[in-house]
Amino acid sequence: MIDGNITGVKKSILDELESLKQGYNKMEYVDSIVLEIIAKYTTILNREISVFISRSGLLLNVCIGDYQSVPLKEPNGKRAGKLCGVRCIHTHPSGNEKLSSMDISCMQRMRLDSISAVGVIDGKPNKMQTAYIDGNDYYTITNDCNNIPHEKLVNNIILAEKTVKVDNSTDKVAKSVIIGNFTNSIYINEELDELASLCKTAGLKVVGSITQYIDKPNKATYMGSGKVAELGRLCQVTNCDMVIVNNELTGSQINNLENMLGVDIMDRSMLILEIFSMHATTNEGKLQVELARLKYTLPKLLGQGQSMSRIGGGGRTKGSGETKLETDRRYIRDEINDLQKRIKKLEQDRQNRRKKRINSGIKSVAIVGYTNAGKSTLMNRITKAGVLEENKLFATLDPVTRKIFVDIGKEYLLTDTVGFIDNLPHEFIEAFKSTLEEARDCDLILHIVDGSSTDMIRQIGVVNKVLTELNSFDKPTIIVYNKCDKIDNFTPPFGNDYVLVSAKTGEGIDDLRNKIAQILFE
């Protein structure tokens with residue numbers, strides 16, 4: 001059976017292409033008759049045609065592509081540490097025999113013996129360019145199709161295989177392509193940069209990105225068919241492991257995209273969940289992450305993709321199917337109820353401690369701010385608390401509290417909270433509500449802002465929005481513009497009541513201490 005795009009192709013053509021597989025077992029790089037037939041139909045159909053030939057010369061498969069791409073089928077029988085034993089010869093209707101970057105990346109990804117492009121002019125094969133793997137690179141040879149050096153090309157495969165370098169390391173970094181779909185163009189670069197930072201925090205290497213402006217998402221794939229095709233080509237060229245979409249996807253959209261692209265698909269919220277799972281250390285933090293994950297997973301359970309099952313963690317959900325699906329849903333609902341009860345118990349314990357603190361008259365200060373604004377560094381600078389400091393998003397997930405002594409009868413508790421981020425799903429806020437309540441019940445809020453960020457105004461707006469949802473926006477607040485060591489001639493975007501500090505160098509910290517004491521005790 002002929003693979004690829006066979007829509008509108010006559011049965012007689014398909015039968016003739018299928019017949020090429022019969023009795024073909026010659027020790028030639030490519031049979032001249034095969035070359036003539038695929039060149040003829042390349043012109044008739046105006047589509048690329050590719051043939052796959054084994055190391056022994058057996059024609060394994062024929063694929064029909066389109067003008068822009070060719071469906072290079074994944075060969076079977078890969079040998080560990082060597083080439084796969086299959087070469088690909090495909091046509092270019094444009095007459096240009098030059099191999100594209102997609103052709104080369106496909107050869108390297110699939111570890112093909114070689115890949116050749118044949119320029120077709122007026123239904124006849126003209127010239128052919130062939131590429132071989134050369135260590136971590138490749139080299140090419142160009143020949144006239146009327147004078148193909150078969151023996152030399154076949155021997156080159158043996159020589160190329162000796163250059164293949166095997167990577168047996170187990171700590172390979174997964175490669176990702178990020179996608180941004182926007183309805184407006186206000187914060188495109190900022191949001192893509194933030195998504196790239198999230199990928200870095202999750203241990204992913206970003207190797208490509210695509211943006212698209214859409215008014216209404218496609219129900220099946222979220223993005224349009226043309227953009228999906230472009231994404232498929234980018235995935236092939238970059239040889240990425242997964243695609244991260246900066247929008248929330250449905251379970252069916254994830255499933256459809258994974259089937260079309262052949263790579264894992266994650267949306268932004270799933271990526272944040274991965275990061276939360278990595279950084280939760282306390283019992284309450286782990287319970288909150290699991291609750292957020294289950295609440296987010298439940299509506300996506302129908303048609304969930306490879307990525308969703310990968311981050312599922314528990315391994316107790318069953319496979320697809322009507323009965324199993326309902327069993328999975330029931331199990332997840334039971335798990336959610338159980339987690340909510342356990343978190344409620346921890347929340348009551350936290351409230352009891354909070355009541356005792358309030359009754360004791362000790363003041364409290366909460367550090368809030370956009371993720372990676374420098375909250376933990378500031379906490380360590382003031383208290384030497386030893387909180388993890390990393391240039392990553394959500395490096396701190398569990399709250400840390402330390403007592404600060406100012407003077408006799410003057411002391412307060414300083415708490416470092418989880419960072420805020422834009423477009424955080426409601427399920428996440430609900431799961432971390434007990435932790436965020438530190439900001440609701442405190443006497444003073446330190447709103448830490450990355451003063452060096454070009455995205456500062458949007459980040460301030462996000463934090464203020466969350467504080468409003470927590471009924472904390474009317475609390476006494478000090479805006480602390482951090483990273484002043486990176487700022488020249490700073491002008492605050494809002495008012496004049498602020499403190500400029502560098503948590504890294506200590507500049508401005510004494511001013512901040514004095515201002516806190518002034519508000520709390522004077």
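**Helix packing and nonpolar cores in a predicted model**

The axes of helix α12 (residues 375-383) and helix α16 (residues 509-521) come within 11 Å and cross at roughly 80°; axes are lines fitted to C-alpha atoms, for helices over the stretch in contact, and angles run from 0 to 180 degrees between N-to-C directions. Helix α12 is therefore roughly perpendicular to α16, on a scale where angles under 35 degrees count as roughly parallel, over 145 as roughly antiparallel, 65 to 115 as roughly perpendicular and the rest as oblique. Leu378, Arg381 and Ile382 of α12 make the contact with Ile509, Leu512 and Arg513 of α16, contact meaning heavy atoms within 4.5 Å. The model is predicted, with local features requiring pLDDT of at least 70 and side-chain atom pairs counted only at pLDDT 80 or more, whereas totals for chains, interfaces and linings use all residues. Residues are numbered from 1 along each chain as its sequence is written, and side-chain values use heavy atoms, without hydrogens and water.

On the α3 side, Ser101, Met102, Ser105, Cys106 and Arg109 meet Arg233, Gln236 and Val237 of α6.

The protein chain contains 16 helices and 17 strands, taken as DSSP runs (H or I, at least four residues, for helices; E, at least two, for strands) numbered from the N terminus. Of its 522 residues, 51% are buried, that is, under 20% relative accessible area with a 1.4 Å probe, protein chains only. Among contacts between residues at least 6 apart in sequence, 66% join residues at least 24 apart.

The largest nonpolar core has 53 residues; such a core is a set of buried Ala, Val, Leu, Ile, Met, Phe, Trp, Tyr and Cys residues joined through side-chain atoms within 4.5 Å. Helix α8 (residues 268-279) gives the most to this core, with 6 residues. Ile179, Leu231, Val243, Ile244, Ile265 and Leu271 have the most contacts inside the largest core. Beyond its neighbours within four places in sequence, Ile244 contacts residues including Ile179, Leu195, Met266 and Leu271. A second, separate core of 31 residues includes Ile2, Leu20, Ile53 and Leu59.

In helix α1 (residues 11-19), Ile13, Leu14 and Leu17 are buried. Seen down the axis of α1, its buried residues fall within an arc of 100°, so they line one face of the helix; the arc is that of the directions from the helix axis to the C-beta atoms. The cover over the buried residues of α1 includes α2 (32-45) and β3 (59-64).

Terms used: Buried means under 20% relative accessible area, exposed over 50%, partly exposed in between (1.4 Å probe, protein chains only).
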